[in-house]
Structure formats: C-alpha cells, structure tokens
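Hi there,

Here is the structure I promised to pass on. Could you have a look at it alongside my notes?

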Amino acid sequence: MKKFFSALALLLLTGANAYGEGSLNVLSQALSVRETPGGKFVETVNEGQELPLLNLLGYWGRSERGWVNCDFTDYELPLFKVTGRIELEVARVVEPEGELKEKDAVIVYREFPDTVIGLFKGRPVEVGKERVAVEKEEFEVAVANYPLLLFDSSGKRIKVKAGTPLLKGLSNYLYGGHLWDRAERLKEESQLNREELLKEVNRLIDIFNSVKLSSPLSERLGYYAKTLPVKSEDLIVVKTPTGVGVFVKLKYRFITKDGRVITGRKTRLFLKRSNFEFWRKLTNELFNSGVNKFVEIDVYRFDGEGGFEEGGFVASSYHLFKEGKLKDYESFVESSESNLSEDLWFFADQVYERLESGEN
C-alpha cells in the first residue's frame, strides 16, 4: 500500500515545471535571448517580434532560440499542459462523513464488501461504501499554466498556483481531494492609478533637476541638461493578462543657470552614473507604485533644430526588482535591458564626473 501511495504522488508531481506550447510578443524596444534563464547572451529580438513559447519556468520563457524574460512580453499559453494519463478508481463522496464532504474524492486502493480504503489528501482513509460512488475513470495529468480558480456546483472555489499538477477528467478536475466542475484563469485587475504615477514621475524629475542645478558642474559650466516634465502622452501604460508595464519618455535639453533655453546645440548628458541612478530610482518607484511587469525609460534629447531625437532606452523587469537586483547602480546596469547611443553622452563625461565630485 505504501508503494501505491508513493507511486501516485510521484506521478502527480511529475511535470510540475513543464508547460504547454504558446506564443509571446516582445513589448520592449529590444530583449535579450539567453542560453539559460539569466544565463549567457545569445542574441537580441526587437519590439513586436513574435516567438513560440515552448516552456515557462517562473518568469523565464523558452523559445526555439533560447530563454527570454517574459516580463518584457505579452504571452499566451493553453490553460493546461498535459503531461500524461492515468486510470484510477475514485470513490466520490455522496453522503458526508467526518472530514469527508460531498464531492470529496478518495483514490481507491482496495474495496471490501462494506468499505473502501484509499488515499484522501495524501493520507490513507477508510469510508463506508454506502457513502460513496465508486467509478473507474481515465484522467489526464495536467499542469496549470496560469493561476486558476476551480469551482464546484455548490459554489465552493479554490485558488491554484501556476505550475500546480492536477488530474483532469472528462467533466471534472481532481485536486486537493475534491472533484471540481470547472476551471477558470484567475485574472487580477490592476489597481494602478495612472495620474498618480504621472505626479510621482514629475516629482522625482523636479528633485533630480534641483540637484543638477545646484551641482558644482552646473556652477562651473553655467548650464545643465534639464529633464523636462513628463506630459500625459509621454507616459504609456500597457495592460496585459499577466501584468502591467509602463513606457516613460524622458526629454532632455540644455538650460542655463538663469533658466534660458539653449538652442542650436544638441543636448548631451554629462554623467553616466548619476543619470543611471536617477533612472534606477524612477524605475523602482514605479514598481513600488503598482507596475508589475516592466518599466521602459525612453530617452530623447534636443536635436539642435527645434525637435527631439531618440537616444536609446533602459528597460527593467519587475521580477528582477523583487529579487533585489535593481538595488544599486551596478546591479541596475547589469540587470536592465538597454541600448543607449554613445553620442548621447558628453565626450568628456569622465572629466566632469571628477569635477562634480571635487576631484582634481
């Protein structure tokens, strides 16, 4: 009997990280493909590119070209991945007894004239035959690709995490010792307030500009690269079934200490470290405010001819943020997807780094 229970438990757990084939669409400007989750870089795929999604391991998805961080994608999978089949004799409770409630299920090990012995929630039990209906049925061993809600006809329901194995019959689901009538994907509505996000972004921009205005470098040069306030149209919220991402367009131009706009010159950023640190703080604040998929900062600088031109982007993953991998300048640079033009930076940025820090 012990061997029976052990073999059944092993079967139900097999394939808990195997998922059904689906597809993904890249949302960020560019996304790294890697040999393994978080591993060696293979190539880059661009925004809008569609790839097959063969497996999902946490927030990492495997395509035919390698692994990608699915925080930067909109992806679809079947509700379940079927990993095998098993024929079982199941005793469905029709008359409650003790801890056994209606529609609970005992996986039968042996029948006697008056009782049934079997497995209920991982434990051996014995129940009177008059209280159960014993049937043989073939089940699919299925793994949930998404968080699910299972329902029965009485209105009872239960949440199931993605990656959880269960048994899928012709008209029901066997999970947690109970027979459920239907399964639905659990969709959590975002409580993100777009207007509050915009206020927070501009608050941080004001702080950053104040620091730059009063910096030794600004005092020395008489001007600085100002981050312009973000307008409503420059903050784009992307809602997907698996979370919410945000695009923020940041525009830069030279402003003198007395507030005069400098025209006829392309704007360049002076200090890589301080700018990345600002982007990191802005990204973290957006994640703390309800964004739970990605933050992409798109950098635009004044082109010297009355308009703005793109200088690149920095995009960060919510799950890497949750893992503490955006906690400082070095980890932010290492963990983010980015492609910034070398022409975006002032050619002597290292000199100005020393000037700002007071070094000779």
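This is a predicted model: local features need pLDDT of at least 70, side-chain atom pairs count only at pLDDT 80 or more; totals for chains, interfaces and linings use all residues.

Residues are numbered from 1 along each chain as its sequence is written, and side-chain values use heavy atoms, leaving out hydrogens and water.

First, the helices (DSSP runs of H or I, at least four residues). H2 (residues 194–213) packs against H4 (residues 272–288) at an angle of about 155°, and their axes lie 10 Å apart. Axes are lines fitted to C-alpha atoms over the stretch in contact, with angles from 0 to 180 degrees between N-to-C directions. The two helices are therefore roughly antiparallel (angles over 145 degrees). Contact here means heavy atoms within 4.5 Å. On the H2 side, the residues involved include Leu 197, Val 201, Leu 204 and Phe 208; on the H4 side, Phe 278, Leu 282 and Leu 286 are among them.

Now the sheet, built from strands (DSSP runs of E, at least two residues). Three strands form an open sheet in the order S4-S1-S8, with antiparallel pairing (pairing takes at least two DSSP bridges). S4 (50–53) and S8 (73–76) are at the edges with a single partner strand each, so one side of each has no neighbour in the sheet. Neighbouring strands are turned by 25° against each other on average, direction ignored. S1 (residues 22–26) pairs with S8 over four bridges, and Leu 24 stands opposite Tyr 75 in S8.

Best wishes

Key: Angles under 35 degrees count as roughly parallel, over 145 as roughly antiparallel, 65 to 115 as roughly perpendicular and the rest as oblique.
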